[in-house]
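Please read the numbered points with the sequence and the model side by side.

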Amino acid sequence: TLWNNIEAPDEDSDASQDSKRRKISPNQKPKYKAGRVYVAEVLKNIVAANPSVIGGSADVASSCGGHWPELQGHFLPPSFGEKLAGAGYTGRYIHFGVREHASLAILNGICSSSCLIPYCTLF
């Protein structure tokens, strides 16, 4: 038959190494993450690399993972500096509260009137 004429790959070949990498023991379960976790990791790298990225969240930053105060600071009046370190008008994280529709309108205005790249984490 056809399968009898196919030779097994050498131990050093890429095909053999690839098949070894894919094997998971029966007791080991693959580790899956929610899609929002992967997106938050990518977004964090983009925010760290590009200072023109500005955005925020409407009270779901802890759930969506879109807030990194050590990278962005807080876009708040300087009087909030006592409560939140890094608060000022130079911060790149906007606290929108619970107003999802308003947050998107604000980011739409930022995008259309400046060279900033907005993002928002919402459900």
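The points below go from the whole chain to single elements and then to one residue.

1. Basis. This is a predicted model, in which local features need pLDDT of at least 70 and side-chain atom pairs count only at pLDDT 80 or more, while totals for chains, interfaces and linings use all residues. Residues are numbered from 1 along each chain as its sequence is written, and side-chain values use heavy atoms, with hydrogens and water left out.

2. The chain as a whole. The protein chain has five helices and five strands, these being DSSP runs numbered from the N terminus (helices H or I, at least four residues; strands E, at least two). Their order from the N terminus is α-α-β-α-α-β-β-β-α-β. Of the 123 residues, 26% are buried, where buried means under 20% relative accessible area, exposed over 50%, and partly exposed in between, with a 1.4 Å probe and protein chains only.

3. Strand 1. All five residues of strand 1, which covers residues 53–57, are buried. In a regular strand the side chains alternate between the two faces of the sheet. Here both faces are covered, with V53, G55 and S57 buried on one side and I54 and G56 buried on the other.

4. Neighbours of strand 1. Strand 1 pairs in the parallel sense with strand 5 (residues 117–121) over five bridges, and G55 stands opposite Y119 of that strand; two strands count as paired if DSSP finds at least two bridges between them. Strand 1 also pairs in the parallel sense with strand 4 (residues 93–95), over three bridges, and there S57 stands opposite H95.

5. Helix 2. In helix 2 (residues 35–49), the buried residues include A40, L43 and V47. They lie on the same side of the helix because they cover an arc of only 70° around the axis, the arc being that of the directions from the helix axis to the C-beta atoms. N45 and A49, on the other side of helix 2, are exposed.

6. H74. Leaving aside residues up to four places away in sequence, H74 touches H67, P69, L84, A85, G86, A87, G88, G91, Y93 and H95, contact meaning heavy atoms within 4.5 Å.
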